[in-house]
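Please look over the structure shown below together with its sequence. The report that follows takes up the helices, the core, selected residues and an aromatic pair.

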Amino acid sequence: MGRYRRASTCGYCYDTGHTRRSCPQMKADAAKGDRWAQSNVQRYQNAAKSRKCSYCSEGGHNKA
């Protein structure tokens, strides 16, 4: 029996097809000078740098 998966919805701009982490609107707002968006973009970039793969134990990516 298959499982229906709904398209992801962004918590920032509420469009479908992406999440807040990869929202182009938030990145554009950060470039315009929105401090809240800048801090979130920076936080997401730092989290991606510290990511570690559970399969090969290398940094910068995950198992998926």
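## The two faces of helix α2

Arg-35 and Lys-49 are exposed (over 50% relative accessible area, with a 1.4 Å probe and protein chains only) and lie on the other side of α2 from its buried residues, which are Ala-37, Asn-40, Val-41 and Tyr-44; buried means under 20% relative accessible area, and partly exposed covers the values in between. The buried residues of α2 pack against α1, and contact here means heavy atoms within 4.5 Å.

This is a predicted model, in which local features need pLDDT of at least 70 and side-chain atom pairs count only at pLDDT 80 or more, while totals for chains, interfaces and linings use all residues. Residues are numbered from 1 along each chain as its sequence is written, and side-chain values use heavy atoms, with hydrogens and water left out.

Helices are DSSP runs (H or I, at least four residues), as are strands (E, at least two), and they are numbered from the N terminus. Helix α2 has 15 residues and reaches 21 Å from its first C-alpha to its last, which is close to the 21 Å expected at 1.5 Å a residue; the expected span is 1.5 Å times one less than the number of residues.

At the start of α2, the backbone nitrogen of Trp-36 has a side-chain oxygen of Asp-34 within 3.4 Å. A polar contact is a pair of N or O atoms within 3.5 Å; within protein, one must be able to donate a hydrogen and the other to accept it, and residues adjacent in sequence count only if both atoms are side-chain atoms.

In α1, the residues that are buried are Met-26, Asp-29 and Ala-30. Seen down the axis of α1, these buried residues fall within an arc of 100°, so they line one face of the helix. Pro-24, Ala-31 and Lys-32 are exposed on the face of α1 turned away from its buried side, whereas the cover over the buried residues includes α2.

Just after α1, Gly-33 takes a positive phi of about 115°, and this residue is placed in the loop between α1 and α2. Gly-33 counts as partly exposed because its relative accessibility is 38%. Between Gly-33 and Gln-45, which are twelve residues apart in sequence, the C-alpha to C-alpha distance is 17 Å.

## The largest nonpolar core

A nonpolar core is a set of buried Ala, Val, Leu, Ile, Met, Phe, Trp, Tyr and Cys residues joined through side-chain atoms within 4.5 Å. The largest one has seven residues, namely Cys-10, Cys-23, Met-26, Ala-30, Ala-37, Val-41 and Tyr-44. Each of α1 and α2 supplies at least two residues of this core, and the largest share, three residues, comes from α2.

Tyr-44, which lies in helix α2, is buried because its relative accessible area is 14%. Leaving aside neighbours within four places in sequence, Tyr-44 is in contact with Arg-20, Arg-21 and Met-26. Tyr-44 and Gly-60 are 16 residues apart in sequence, and their C-alpha atoms are 12 Å apart in space.

His-18 is found in the segment before α1 and counts as buried because its relative accessibility is 14%. Not counting residues up to four places away in sequence, His-18 touches Ser-8, Thr-9, Cys-10, Cys-13, Cys-23 and Pro-24.

Cys-13 is also found in the segment before α1, but Cys-13 is partly exposed, with a relative accessible area of 23%. Its contacts, leaving aside neighbours within four places in sequence, are with His-18, Cys-23 and Gln-25. Cys-13 and Pro-24 are 9.1 Å apart in space, C-alpha to C-alpha, and eleven residues apart in sequence.

## An aromatic pair

Rings of Phe, Tyr and Trp (its six-membered ring) pair if their centres lie within 6.5 Å, and planes under 30 degrees apart count as stacked, over 60 as edge-to-face and the rest as tilted. By this rule the count comes to one aromatic pair. Tyr-12 and Trp-36 form this pair, which is stacked, at 5.8 Å centre to centre and with 5° between the planes.

The pair links distant parts of the chain, with Tyr-12 in the segment before α1 (24-32) and Trp-36 in helix α2 (residues 35-49), 24 residues apart. Trp-36 counts as partly exposed because its relative accessibility is 45%.

Methods:
Arc of directions from axis to C-beta.
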